[in-house]
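Here is a short briefing for a first look. Please view the sequence and the structure before reading on.

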Amino acid sequence: MSHITLPEITLTEPDVAARMSAADGDQPPRSRNRRWLAWTVIVPVALASLGVGERAWRSNATPATPLPQPPLVTVSSPLRDTIASTTILLGQFSAVDTVQLRAQVGGTLTAITFQDGQIVHKGDPLFAIDPRPFEIRRDQAIAQLQTAQAKEALTQVQLWRAQQLRQTEFGSVETVDQRAADQHSAQAAIDTAKAAIRDAQLDLEFSRVDAPFTGRIGAHLASVGSLVSGSRGGTGASTLLATVVSLDPIHIDFDMSEADYRAYQRAHGGATPKDDVVISLDGDEHFDRHGTLDFIDNAVDRSSGTIHARATVANPDLAITPGQFARVLVPIGLPAPALLLPAAAVVPDQSRQIVMTVAPDGTIMPKPVEIGGLHHGLRVIRGGLAPTDTVVIDGIVRVKPGAKVTQAAGSILPNTDSDPE
């Protein structure tokens, strides 16, 4: 800013008179007095005007604005580790065993001995059908057995007599043969009666419906007093009573892409799958349940380009219910070196994922990367990033491509609490 310094002007009366004389020459006294008065008025006013103008110019001048500092960000090189190539897939739980309980004998439903939705154990009674008709049939079969046994005892005696008479020549061969045939028929009648007893006893047992295995039962679909129909062989109409599903162990079903399946084949050489998978019920965090990959289908679905796979998961606390969804961490390759970054350092950009790297001169340079699953809470970088790159791991919202930043060194630490292994 420039400053104007005005020289001090001091006019004495002789000076003014001299200047007036020089300027006007010999003027009348009255003219000289008027000119003296004009000088004494104009000079102070001019000096005051100059001072006011300088102060106004100084007050209107704007100070220079300092340039903003580059934003501060935390940077680090990617963390290196040797991990198995994995992928995270969406799976759905399904019961290992699912049974529809249907009546195998007809009759009146007389009892329901469970609460809808409760855990039932193998052998627990669930439904009761009026057993009296089946008890009557069983008693009839027992009576038929007794009749057949009595006849069989008589035929044994008759056969013995015929054999004795044949030895004394008072009987014939034909009579002995007839009595032997009667004895065999009586024995067959005994066998038939015994089978009828077993059949009646089976119907009597089927009048009580028990739990086939331990699991959770659904709502009852028939009420006490209902007349139900049944068919032991499933050839006729039968009344659906309820459904039971097993809970421990439980299956989780998921579909692998063709690319993931090829990577899995290359790593395992076509061996029978017996790999450990890790499951999260809460999205991508807390992989705390383990299962065994024990089934991969024998064909790729032509419409979706995926292949169905299944793992078996222990469920001792019965906390998992068939139909629930979960994330499944599936190993698809052998252990290999990999780069890891915090998940927040990877940002989506339309159809790709990018990370913000810092050039040696402090300029932000975005880099597209290929990402994998999570490992120790960190995102696996499969490609697009070099181990020597400097990546923004904190403060990424304050940067933009091509801008300068101020760097602060940071470190990447694994999160053992979310370790799926």
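Two strands pair if DSSP finds at least two bridges between them. Strands (E, at least two residues) and helices (H or I, at least four) are DSSP runs, numbered from the N terminus. The model is predicted: local features need pLDDT of at least 70, side-chain atom pairs count only at pLDDT 80 or more, and totals for chains, interfaces and linings use all residues. Residues are numbered from 1 along each chain as its sequence is written, and side-chain values use heavy atoms, with hydrogens and water left out.

**Strand 11 and its partners**

- Strand 11 is largely enclosed by the rest of the structure, because six of its eight residues are buried (under 20% relative accessible area; exposed is over 50%, partly exposed in between; 1.4 Å probe, protein chains only).
- Strand 11 pairs with strand 2 in the antiparallel sense, over five bridges.
- Phe93 has Ile252 of strand 11 as its bridge partner.
- Strand 11 also runs antiparallel to strand 14, and eight bridges join the two.
- Here Met256 has Ile307 of strand 14 as its bridge partner.

**Two residues of strand 2**

- Thr87 lies in strand 2, which spans residues 79–95.
- Thr87 counts as buried, at 11% relative accessibility.
- Contact means heavy atoms within 4.5 Å.
- Beyond its neighbours within four places in sequence, Thr87 touches Asp260, Val328, Leu329, Val330, Ile332 and Arg382.
- Leu90 is found in strand 2 as well.
- Leu90 is exposed, with a relative accessible area of 52%.
- Leaving aside neighbours within four places in sequence, Leu90 is in contact with Asp253, Phe254, Phe325 and Ala326.
- Leu90 and Phe325 are 235 residues apart along the chain, yet their C-alpha atoms are separated by 7.1 Å.

**Helix 5**

- The buried residues of helix 5 (residues 258–268) are Asp260, Tyr261, Ala263 and Tyr264.
- Seen down the helix axis, these buried residues fall within an arc of 160°, so they line one face of helix 5; the arc is that of the directions from the axis to the C-beta atoms.
- An α-helix has 3.6 residues a turn, so residues three or four places apart point the same way.
- The buried residues of helix 5 pack against several strands, including strand 2, strand 11, strand 12 (275–280) and strand 15 (325–342).

- Strand 5 pairs with strand 8 (residues 215–217) over two bridges, in the antiparallel sense.
- Val120 has Gly215 of strand 8 as its bridge partner.
- Another open sheet has four strands in the order 7-6-4-9, and its pairing is antiparallel.
- Here the edge strands are strand 7 (208–210) and strand 9 (227–228), each pairing on one side only.
- Strand 6 (residues 125–129) and strand 7 pair over three bridges, in the antiparallel sense.
- Pro125 has Asp210 of strand 7 as its bridge partner.

**The aromatic pair**

- The structure holds one aromatic pair.
- The rings of Phe114 and Phe127 have centres 5.2 Å apart and planes at 80°, so the pair is edge-to-face.
- Rings of Phe, Tyr and Trp (its six-membered ring) pair if their centres lie within 6.5 Å; planes under 30 degrees apart count as stacked, over 60 as edge-to-face and the rest as tilted.
- Both Phe114 and Phe127 are buried.
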